[in-house]
Structures are given as structure tokens and as C-alpha cells.
Amino acid sequence: MKAIMTSENHRPKNILIVEDIEETRYLIEKLLKKNGYDVDLARDEEDAICRARSRSPDLILMSLGFEREELVATAQRIRNRAALSQDIAVVIFCVPTIPEGAEMEVNENVYVTRPDNFDQLRYFLRRLLRMHDLFPKLSTD
């Protein structure tokens, strides 16, 4: 599959996956790589901060076993401690307190979603990256 590139320097977009369940982490990595993304993996907040410092991601995708409010605070700590721009979108997925298929912005560039399937998550990520001007415009999906 063709790599998905950022518009400014023609490198594959990097998504940092922050997931505490190893099987889920690797499944998402496999699916995102198959769709042309460059992926880094982190198992917790501290690991995410280290990885984000060494290689600034274009987007952070996270699902840790916390309540939504704690996940939003964790996302902000990762951004702050890794010295990332507030423009970097953070997507918190599989939040059980919202309906399946729902998507919403809960803080500045922090979104929660509970996708029904991987395609819905993939399209949501594409829309966010387009909004942040990191994804080339496609004629059709």
C-alpha cells in the first residue's frame, strides 16, 4: 500500500499509539501500517512522553484504562511534558461512556470516539489530519 504522506516534507504521517493492552496495541499498529501510516507504540503515559520527545508525532491515538476525564488530563500531560504543539490532535478511542459510533471534541484538539469498526476509526483519523492540513486531499475515499 502507498504510504500516506504529510504535505510539508513528504514523509509518512506518524501516529503514536498509547495503549496499555499489548494485543490491542499491536493490532492497531498492524492496521494503521497497512493503511500507510508510520507508527510508534507506547504502553503508558511515561513511555508516550519518551517516544513523543524523540520523534514528534503527527497525531496521538490513545486508549488507556482510565475514565474520560483522566484520559483528557493524561493527553494534556503527554503534550506538555514532551513539549508538543497544542495543534497535535489527540484521539481517545473506545470510551465506554459515549454511544458506539460517536465522535466529539472535548478539549482543544482532544477528541473522543467509540468507533463501531476500524474503518470508522480510519476515516475519523483522516478527517482530523485533513483539518490539520497534514493529509493530502483525496478525490474519493
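Q: What makes Asp 44 the cap of the N-terminal end of H2?
A: In this predicted model, a side-chain oxygen of Asp 44 lies 3.3 Å from the backbone nitrogen of Glu 46. A polar contact requires N or O atoms within 3.5 Å, and the pair at 3.3 Å is therefore counted as one.

Q: Why is Asp 47 called buried?
A: Asp 47 has a relative accessibility of 12%. The term buried applies under 20%, so Asp 47 qualifies. Asp 47 belongs to helix H2, which spans residues 45–54.

Q: Which backbone atom lies 3.0 Å from a polar atom of the side chain of Asp 47?
A: The atom is the backbone nitrogen of Arg 43. Once neighbours within four places in sequence are left aside, Asp 47 is in contact with Leu 41 and Ala 42.

Q: Which other residues of helix H2 are buried, and what covers them?
A: Along with Asp 47, the buried residues of H2 are Glu 45, Ala 48, Ile 49 and Ala 52. Their cover includes E1, E2 and helix H3 (68–81).

Q: Which residue of helix H3 has its C-alpha atom 6.8 Å from that of Ala 48?
A: This residue is Ile 78, which lies in helix H3. Ile 78 and Ala 48 are 30 residues apart along the chain, yet 6.8 Å separates their C-alpha atoms.

Q: Why is Ile 78 classed as buried, and what does it touch?
A: The relative accessible area of Ile 78 is 0%; as buried means under 20%, Ile 78 is buried. Apart from neighbours within four places in sequence, Ile 78 is in contact with Glu 45, Ala 48 and Ile 49, and also with Ile 60, Met 62 and Leu 84.

Q: How do you know that the length of helix H1 agrees with its number of residues?
A: H1 has 13 residues (22–34), which at 1.5 Å a residue should span 18 Å. The C-alpha atoms at its ends are 18 Å apart, so expectation and model agree.

Q: Which residues of H1 are buried, and why are they said to share a side?
A: Arg 25, Ile 28, Glu 29 and Leu 32 are the buried residues of H1. They cover an arc of only 105° around the axis, and therefore lie on the same side of H1. In general, an α-helix has 3.6 residues a turn, so residues three or four places apart point the same way. On the other side of H1, the exposed residues are Glu 23, Lys 30 and Lys 34.

Q: What do the buried residues of H1 pack against, and what follows the helix?
A: Their partners are strands E1 (14–19), E2 (38–42), E3 (59–63) and E4 (89–93), together with helix H4 (118–131). Just after H1, Gly 36 adopts a positive phi of about 90°.

Q: What makes the charged end of Arg 25 count as sitting over the ring of Tyr 26?
A: The charged end of Arg 25 is 5.5 Å from the centre of the Tyr 26 ring, over which it sits; the distance limit is 6 Å. Arg 122 provides a further case, its charged end sitting over the ring of Tyr 123 at 4.8 Å from the centre.

Q: Why is Ser 63 called buried?
A: Its relative accessible area is 12%, and the term buried applies under 20%, so Ser 63 is buried. Ser 63 is found in strand E3.

Q: What polar contacts does the side chain of Ser 63 make, and which residues does Ser 63 touch?
A: A polar contact of 3.4 Å links it to the side chain of Glu 19, and it also reaches the backbone oxygen of Phe 93 at 3.4 Å. Not counting residues up to four places away in sequence, Ser 63 touches Val 18, Glu 19, Asp 20, Phe 93 and Cys 94.

Q: How many aromatic pairs does the structure hold, and why is the pair of Tyr 111 and Phe 124 given its class?
A: There is 1 aromatic pair. The ring centres of Tyr 111 and Phe 124 are 6.0 Å apart and their planes stand at 80°, so the pair is edge-to-face; that class applies over 60 degrees. Tyr 111 lies in strand E6 (residues 110–113) and Phe 124 in helix H4, so the pair ties together parts 13 residues apart in sequence. Both Tyr 111 and Phe 124 are buried.

Q: What pattern do the helices and strands follow along the sequence?
A: The protein has 4 helices and 6 strands, in the order β-α-β-α-β-α-β-β-β-α. Of its 141 residues, 48% are buried.

Methods
Residues are numbered from 1 along each chain as its sequence is written. This is a predicted model: local features need pLDDT of at least 70, side-chain atom pairs count only at pLDDT 80 or more; totals for chains, interfaces and linings use all residues. Side-chain values use heavy atoms; hydrogens and water are left out. Helices (H or I, at least four residues) and strands (E, at least two) are DSSP runs, numbered from the N terminus. The expected span of a helix is 1.5 Å times one less than its number of residues. Buried means under 20% relative accessible area, exposed over 50%, partly exposed in between (1.4 Å probe, protein chains only). The arc is that of the directions from the helix axis to the C-beta atoms. Contact means heavy atoms within 4.5 Å. A polar contact is a pair of N or O atoms within 3.5 Å; within protein, one must be able to donate a hydrogen and the other to accept it, and residues adjacent in sequence count only if both atoms are side-chain atoms. Rings of Phe, Tyr and Trp (its six-membered ring) pair if their centres lie within 6.5 Å; planes under 30 degrees apart count as stacked, over 60 as edge-to-face and the rest as tilted. A charge sits over a ring if NZ of Lys or CZ of Arg is within 6 Å of the ring centre and within 35 degrees of the ring normal.
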